[in-house]
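Subject: Structure for you to look over

Dear colleague,

I am passing on the structure we talked about, and below it you will find my notes on what was found. Please read them with the structure open beside you.

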Amino acid sequence: MKKIQLHNEAAVGVFAANLILSLIKENPTAVISLPTGKTPLPMYASIRVMMQEKKEKNMPLPWHAVSFFQLDEYVRPASGTMVVESFIEYLNRELLSVTEGIHFHSIAQYQTNPDDYEKAIQNAGGLDLVVLGIGINGHIAFNEPGTQPESLTRTVLLDETTRQSNFGTDQLNDNTPTQAITMGIQTILSARQIVLLATGEKKKAIVQQAFSDQEPNASIPASWLKRHPNVILLTDFLMP
């Protein structure tokens with residue numbers, strides 16, 4: 001694992017954005033999966049700025065050939081009403097609306113046939129890059145504690161710590177999701193490159209636990225990333 005400490009979350013965002021845009025420049029048919037949440041917001045902001053600069057110089061990147069596979073998505077509650085923003089709404093606002101022609105594969109459409117999502121990834125040539133965040137309980141995507149490395153795309157129950165972190169304790173009710181569909185650990189580890197974003201002191205402890213000298217284990221799903229040969233960890237705090 002390559003560990004890179006940057007000055008702040010904005011610098012992490014710029015670094016990650018440059019990695020993504022460099023990949024697309026080198027490989028216009030890249031297959032990419034990107035995260036949602038608070039941590040990657042600076043990354044998306046940097047992408048938008050860089051895209052605007054390129055557009056002004058008549059140097060648009062060829063997004064029309066990029067394939068994007070959604071990392072995860074909330075499952076709509078049984079009530080049929082979801083008071084939180086879906087991940088596809090988030091991604092449309094932060095990225096898809098400024099990347100013309102991108103081939104977007106919605107994971108939610110494969111909820112009843114998750115094996116078909118795995119096949120779609122393989123048919124696209126496999127994942128070139130997966131960018132991840134990390135939960136305070138060590139989850140990556142929505143692979144919660146207890147997830148084994150052989151896991152594939154599937155529907156999962158959200159851990160209560162995840163729900164509290166994502167929605168706030170006061171917002172937990174019948175309209176906040178209890179389930180999600182997610183890429184599995186094996187799916188993520190199949191990517192040619194993985195970038196993990198971890199910013200803020202509240203993430204420092206779990207990152208240190210995940211990437212200590214101990215063997216990877218299911219209690220901290222992010223620790224399975226130690227089995228991958230090409231991982232970049234971007235933080236704004238010092239790692240041992």
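His-139 is placed in the loop between β6 and β7, where helices (H or I, at least four residues) and strands (E, at least two) are DSSP runs numbered from the N terminus. Please bear in mind that this is a predicted model, in which local features need pLDDT of at least 70 and side-chain atom pairs count only at pLDDT 80 or more, while totals for chains, interfaces and linings use all residues. Residues are numbered from 1 along each chain as its sequence is written, and side-chain values use heavy atoms, with hydrogens and water left out.

With a relative accessibility of 10%, His-139 counts as buried (buried means under 20% relative accessible area, exposed over 50%, and partly exposed in between, with a 1.4 Å probe and protein chains only). Its side chain is joined to that of Asn-137 by a polar contact of 2.9 Å, a polar contact being a pair of N or O atoms within 3.5 Å, of which, within protein, one must be able to donate a hydrogen and the other to accept it, and residues adjacent in sequence count only if both atoms are side-chain atoms. If neighbours within four places in sequence are left aside, His-139 is in contact (heavy atoms within 4.5 Å) with Gly-133, Ile-134, Glu-144, Thr-162 and Pro-221.

The loop between β6 and β7 also holds Ala-141, which has a positive phi of about 50° although it is not a glycine, and which counts as buried at 8% relative accessibility. Asn-58, in the loop between α2 and β3 (67–69), likewise has a positive phi, near 55°, but Asn-58 is exposed, with a relative accessible area of 67%.

Finally, five aromatic pairs are found in a search of the whole structure (rings of Phe, Tyr and Trp, the last by its six-membered ring, pair if their centres lie within 6.5 Å, and planes under 30 degrees apart count as stacked, over 60 as edge-to-face and the rest as tilted). One of them is the stacked pair of Phe-68 and Phe-104, at 5.3 Å centre to centre with 20° between the planes, which links strand β3 to strand β5 (residues 103–105) across 36 residues. Phe-68 counts as buried at 1% relative accessibility, whereas Phe-104 is partly exposed at 26%.
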